[in-house]
Amino acid sequence: AIFRSISVQDIRALLREILSSPQNLERIAGISYLQGNGFYKIVLDHGEHGSLRLHIWLPENSAEENLHSHRWPLISKVIAGTIVSELWDDTFAGNPLYRELLYVGKDAGLVEMGQAAVQLVSVETRVAGDVYSLSADRLHRIIHQKIRTNATLMFHPRPTRSFSRNILLAENIPVVKPDYLSPSQLEPILHKLDRTLESERY
């Protein structure tokens with residue numbers, strides 16, 4: 001209910017608050033980075049109850065687009081543009097087999113798990129204002145739309161499991177060691193999102 005009530009004005013006010021404070025910019029930049037699946041993972045808050053983030057896809061970013069699950073359930077609101085996601089299920093042998101890796105944390109890295117048989121079950125398109133949730137074990141991937149800036153606001157609680165799955169539909173090995181942003185790198189990213197939000201209504 002809280003996510004559904006968040007307006008574009010709320011998001012823009014949040015961005016202005018961050019951009020007007022060098023301390024906030026430095027704090028957030030130090031725990032934020034370009035994630036391998038093609039979006040900037042901007043960590044607004046992280047604590048004992050979970051993590052609140054912005055995910056920002058810029059047209060110029062490349063993306064691994066690996067199929068994956070998470071270590072926690074999540075709720076997300078599309079705040080700019082369009083998000084196209086695929087949902088996949090495990091299936092029986094006979095379908096194509098793909099290499100599977102388990103992610104167990106930034107320090108431990110990836111663990112080989114052999115091969116997985118999976119199949120695409122649905123493609124879902126969501127636009128600014130839409131809210132959705134995913135369980136921790138739901139296999140999915142976001143298809144990067146390289147036409148405009150797209151973004152979500154996402155919250156997840158503390159991990160409910162020790163690993164997440166990564167299934168390589170192509171041989172794109174996930175990058176798990178983050179290269180954290182500087183304040184001077186974060187600032188233009190947030191300005192780009194703010195300009196995009198000028199045309200959004202929700």
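A pocket is an open set of grid points with protein on both sides within 12 Å along at least five of seven lines, and its lining residues have an atom within 4 Å of a point. The views below show a predicted model.

**View 1. Centre of the largest pocket.** Tyr33, Gln35, Lys41, Arg53 and Trp72 lie nearest the centre of the largest pocket.

View 2. Eight named strands can be picked out here: S1 (33-34), S2, S3, S5, S9 (131-134), S10 (139-143), S11 and S12 (164-168). Each supplies at least two residues of the lining. S3 has the largest share, five residues. By class, the lining holds 20 nonpolar, 19 polar and nine charged residues.

**View 3. The cavity.** The structure holds one cavity of 30 Å³ or more. The volume of the largest cavity is about 30 Å³. Its lining consists of Trp57, Thr82, Ile83, Val84, Ile142, Ile143, His144, Gln145 and Asn150. Strand S6 (82-90) and strand S10 are the elements that give two or more residues to this lining. S6 gives the most, with three residues. Five of the lining residues are nonpolar and four are polar, with no charged residue.

**View 4. Helix H4 and its buried side.** H4 spans residues 183-197, 15 residues in total. From first C-alpha to last, H4 reaches 21 Å, close to the 21 Å expected at 1.5 Å a residue. Its buried residues are Leu186, Ile189, Leu190, Leu193, Asp194, Thr196 and Leu197. These residues sit on the same side of H4, because they cover an arc of only 160° around the axis.

**View 5. Packing partners of H4.** The buried residues of H4 pack against both helices and strands. The helices are H2 (8-19) and H3 (22-29). The strands are S2 (40-47), S3 (50-57), S5 (74-80) and S11 (150-156).

**View 6. Ile6 in its loop.** Ile6 lies in the loop between helix H1 (2-5) and helix H2. Ile6 has a relative accessible area of 16% and is therefore buried; the cut-off for buried is under 20%. Leaving aside neighbours within four places in sequence, Ile6 is in contact with Ile11, Lys77, Leu153 and Tyr202. Ile6 and Leu153 are 147 residues apart in sequence. In space, their C-alpha atoms are 9.7 Å apart.

How values were computed. Residues numbered from 1 in each chain as written. Predicted model: local features only at pLDDT ≥ 70, side-chain atom pairs only at ≥ 80, totals over all residues. Heavy atoms only, no water. Helix = DSSP H or I, 4+ residues; strand = E, 2+ residues; numbered from the N terminus. Expected span 1.5 Å × (residues − 1). Buried < 20%, exposed > 50% of the residue type's maximum accessible area, 1.4 Å probe, protein only. Arc of directions from axis to C-beta. Contact = heavy atoms within 4.5 Å. 1 Å grid on protein atoms, 1.4 Å probe; cavity = no way out; pocket = protein on both sides within 12 Å on 5 of 7 lines; lining within 4 Å. Nonpolar A, V, L, I, M, F, W, Y, C, P; charged D, E, K, R; others polar. Points joined across faces, edges and corners; volume = space filled by probe spheres on them.
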